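User: Please take me through one part of this model in detail. I would like to know what surrounds it, too.

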Amino acid sequence: MECTITNNLTILSNAMTNNKVRAYRFWIMGAGHFGQLAISRITRRFPQAVITVVDRCPVRIPDQSITFVRADAIPWLVQMLVTDAPVDMLVPAVPEHVVAGWLSVHLENRGLRLKSLPIPEAWLLSLPHAMRGKHGQVFVSHADFLCPDNCPEPKDRCTHTGKPRPVDMFRLLDDFEWGEALPIVLRSHQILPGVGGIYPADLWHALDLAHNIDKRPLIVATACRCHGVVNYLGLQ
């Protein structure tokens, strides 16, 4: 078992061994461009994988062994991700911050009221290539170019430039000075080049942390080595 430790959050990744993802049951959230890439690469690399794909739009998937569910990704995930759910890895591939959405619903179900807060401009100026999204989130990236969609995410050097890699984005976000807000940063682990995933246990651990912070504001982020998405949430 690998334990990924950051300053403010410890995430246990039970399926990690020697930094290699060990999973065969995948839930892919979204069947657009990146969802289709995930389907193609996972099925090619892991022919015995059990895959469920969730998308709000009807999608034809030629592989009959893949289960397709027509639904909104976050409500479906809230309903289906229970203890001992038949999944090893979640693959977010929708234009929403799945972690922030899932956490928000569960916190509200536990009686907490949430409010999306705008990330202050001063924070944006200090984050790498930060860009506001449509739903209050902020996207950050070490790259000022379009990354190849088959990047293997090497530890030491950028695939595209060959230059030494900056500090991992998930570590940068966890170490950033967010004022009174508690950063909850989940790492997106690379399954295959261009395909990242989150362990269900990390979501549950994040929920426990968020529920026990005495209503401090939250920074909820999901990030790999290079890119990340951040939401700022107030608890009432």
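In which strand is T222 found?

Analyst: T222 sits in strand β15. Strands (E, at least two residues) and helices (H or I, at least four) are DSSP runs, numbered from the N terminus. This is a predicted model: local features need pLDDT of at least 70, side-chain atom pairs count only at pLDDT 80 or more, and totals for chains, interfaces and linings use all residues. Residues are numbered from 1 along each chain as its sequence is written, and side-chain values use heavy atoms, leaving out hydrogens and water.

Is T222 buried or exposed? T222 is buried, because its relative accessible area is 12%. The cut-offs are under 20% for buried, over 50% for exposed and partly exposed in between (1.4 Å probe, protein chains only).

Now its partners. Residues up to four places away in sequence are set aside; beyond them, T222 touches H97, V99, L186, S188, I198, H227, G228 and V229. Contact here means heavy atoms within 4.5 Å. One reference distance: 149 residues separate T222 from A73 along the chain, and their C-alpha atoms are 16 Å apart.

Next, the core. The largest nonpolar core has 35 residues, and W27, L81 and L218 touch the most other members. Seven elements each supply at least two of its residues: β5 (25-29), α2 (73-80), α3 (98-109), β12 (182-187), α6 (200-211), β15 (218-223) and β16 (227-235). The strand that holds T222, β15, is on that list. The largest share, six residues, comes from α3. Another core lies apart from this one; it has 19 residues, among them W123, L172, A221 and Y232. A nonpolar core is a set of buried Ala, Val, Leu, Ile, Met, Phe, Trp, Tyr and Cys residues joined through side-chain atoms within 4.5 Å.

Neighbours within four places in sequence aside, L81 is in contact with W27, V87, L90, W102, P200, L203 and W204.

Now α3 and its helix partners. The axes of α3 and α6 come within 10 Å and cross at roughly 50 degrees. That angle is why α3 counts as oblique to α6. On the α3 side, the contact uses V99, W102, L103, H106 and L107. On the α6 side, it uses L203, W204, A206, L207, A210 and H211. V99 is also a partner of T222. Axes are lines fitted to C-alpha atoms, for helices over the stretch in contact, and angles run from 0 to 180 degrees between N-to-C directions. Under 35 degrees is roughly parallel, over 145 roughly antiparallel, 65 to 115 roughly perpendicular, and the rest oblique.

α3 also packs on α2. Here the angle is about 55 degrees, with the axes 9 Å apart. α2 and α3 are therefore oblique to each other. I74, L77 and V78 of α2 meet V98, G101, W102, V105 and H106 of α3. W102 and H106 also belong to the contact with α6.

Within α2, the buried residues are A73, I74, W76, L77 and V78. They pack against β5, β6 (50-55), β7 (67-70), β8 (89-92) and α3.

E96 lies between β8 and α3. With a relative accessible area of 33%, E96 is partly exposed. I74 is among the buried residues of α2. The C-alpha atoms of E96 and I184 are separated by 17 Å, and the two residues are 88 apart along the chain.

Two other loops deserve a check. D84 is in the loop between α2 and β8. Its phi is near 65 degrees, a positive value in a residue other than glycine. D84 counts as exposed because its relative accessibility is 74%. V167 is in the loop between β11 (138-141) and α5 (169-175). V167 is partly exposed, at 44% relative accessible area. Beyond four places in sequence, V167 is in contact with H142, L172 and R225. L172 is one of the residues of the 19-residue core. The C-alpha atoms of V167 and G196, 29 residues apart along the chain, are separated by 18 Å.
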